[in-house]
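Please read the briefing below alongside the sequence and the coordinates shown here.

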Amino acid sequence: MTAPTPDDTKQLLQVSGLHVDFDGQEILRGIDLTIARGETVAIIGESGCGKTVLMKSLVGLITPTDGTVVFDGENLARLSPAELSDRRRRVGFVFQNAALFDSMTIFDNVAFPIRQSTDADDDEIHRRVMKHLSEVGLPERVAEKRPSELSGGMRKRVGIARAIILQPELVVYDEPTTGLDPIMSDVINELMLDVRRRYPVTSVIVTHDMRTAQKVADRVLMFYPRTRLSPDEHQILYDGPPQGLESAADQRVRQFVRGEAGERMTEMSEST
Ligand SMILES: Nc1ncnc2c1ncn2[C@@H]1O[C@H](COP(=O)(O)OP(=O)(O)OP(=O)(O)O)[C@@H](O)[C@H]1O
């Protein structure tokens with residue numbers, strides 16, 4: 001194996017020529033992108049354009065039909081299932097519905113990754129769980145509650161505490177503010193910024209929430225559904241800072257960020 005160049009070591013993720021097909025349908029085609037260590041990248045785009053498929057491909061949960069995903073210098077497709085699951089311990093997942101275990105207390109939910117992946121003793125586990133609950137703004141008394149006793153916003157906080165407890169290199173947020181009111185969404189946005197300030201993480205956020213993209217991301221990627229692109233068009237319509245979205249060269253990007261239906265309105269009326 002050749003030694004990594006200084007440029008390679010800056011990149012946590014390198015995606016080249018990524019294709020993903022399902023049942024003969026092209027979902028992603030020809031995706032080339034790199035994500036640098038420490039970057040916070042928001043992936044936006046309308047429903048069904050392939051955001052989640054991309055996110056799962058980045059962490060080896062989907063095997064590409066073609067192309068490569070290199071995570072920290074390793075081609076994920078070349079790893080054994082055991083190696084892949086080992087690498088995934090370096091990734092924290094914040095799922096859309098928080099995905100907590102209902103039968104466990106909040107303490108046990110947050111402790112779960114430590115118990116699974118380390119041999120930390122009870123004192124150490126207690127210290128780390130309480131530290132992370134406090135970092136996401138939850139009081140100590142929450143530790144003994146069950147997920148069903150918490151509000152949606154509190155469950156999301158628990159999900160973030162669990163995702164960062166092993167100090168991952170990459171945190172992947174799937175629709176972190178979906179289902180929350182604007183104030184609670186802002187709390188979660190602030191928490192994502194806080195995680196970034198406290199830890200040297202790289203973050204990928206799949207979101208429909210333009211506030212999240214504008215406020216939290218350093219860089220925004222806007223995807224477009226493969227089915228509505230001409231064969232030679234690139235699927236990433238925008239790759240740049242959030243400040244440039246409103247004045248993007250591509251009208252489809254400007255319409256998306258302003259929430260304007262544009263040509264989709266005529267498409268919809270034609271199909272009814
Ligand atoms: N495992 C799978 N098998 C078959 N088709 C799939 C699979 N996963 C995703 N798809 C299809 O791939 C397309 C893209 O799905 P994806 O979930 O990535 O969209 P998305 O952009 O994340 O949408 P949303 O914003 O609604 O979550 C959809 O048409 C979906 O039905």
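Helix α5 is followed by G137, whose phi is positive, near 80°; helices here are DSSP runs of H or I with at least four residues, strands are DSSP runs of E with at least two, and both are numbered from the N terminus. This is a predicted model, in which local features need pLDDT of at least 70 and side-chain atom pairs count only at pLDDT 80 or more, while totals for chains, interfaces and linings use all residues. Residues are numbered from 1 along each chain as its sequence is written.

**Helix α5**
- Spanning residues 122–135, helix α5 has 14 residues and reaches 20 Å from its first C-alpha to its last, close to the 20 Å expected at 1.5 Å a residue, where the expected span is 1.5 Å times one less than the number of residues.
- V129, H132 and L133 of α5 are buried, a residue being called buried if 20 or more other C-beta atoms, placed from the backbone, lie within 10 Å of its own, exposed if 12 or fewer, and partly exposed in between.
- These three residues lie on the same side of α5, because they cover an arc of only 100° around the axis, taken from the directions from the helix axis to the C-beta atoms.
- On the other side of α5, the exposed residues are D123, E124, R127, K131 and S134.
- The cover over the buried residues of α5 includes α4 (106–117) and α6 (152–164).

**Ligand shell**
- Around the ligand stand F22, I27, G45, S47, G48, C49, G50, K51, T52 and V53, each with its C-beta atom, placed from the backbone, within 6 Å of the molecule.
- Helix α2 (residues 51–58) gives the most to this shell, with 3 residues.
- The shell has 4 nonpolar, 5 polar and 1 charged residues, with Ala, Val, Leu, Ile, Met, Phe, Trp, Tyr, Cys and Pro counted as nonpolar, Asp, Glu, Lys and Arg as charged, and the others, Gly among them, as polar.

**Open sheet**
- An open sheet is formed by 4 strands in the order β2-β1-β4-β5, with antiparallel pairing, where two strands pair if DSSP finds at least two bridges between them.
- Because β2 (25–36) and β5 (74–75) stand at the edges, each with a single partner strand, one side of each is left without a neighbour in the sheet.
- Strand β4 (residues 66–71) pairs with β5 in the antiparallel sense over 2 bridges, and the bridge partner of F71 in β5 is E74.

**Residue T40**
- T40, in strand β3 (residues 40–44), is buried, with 21 other C-beta atoms within 10 Å.
- The C-alpha atoms of T40 and T202 are separated by 5.9 Å, although these residues are 162 residues apart along the chain.

Methods. Two residues are in contact if their C-beta atoms, placed from the backbone, lie within 7 Å.
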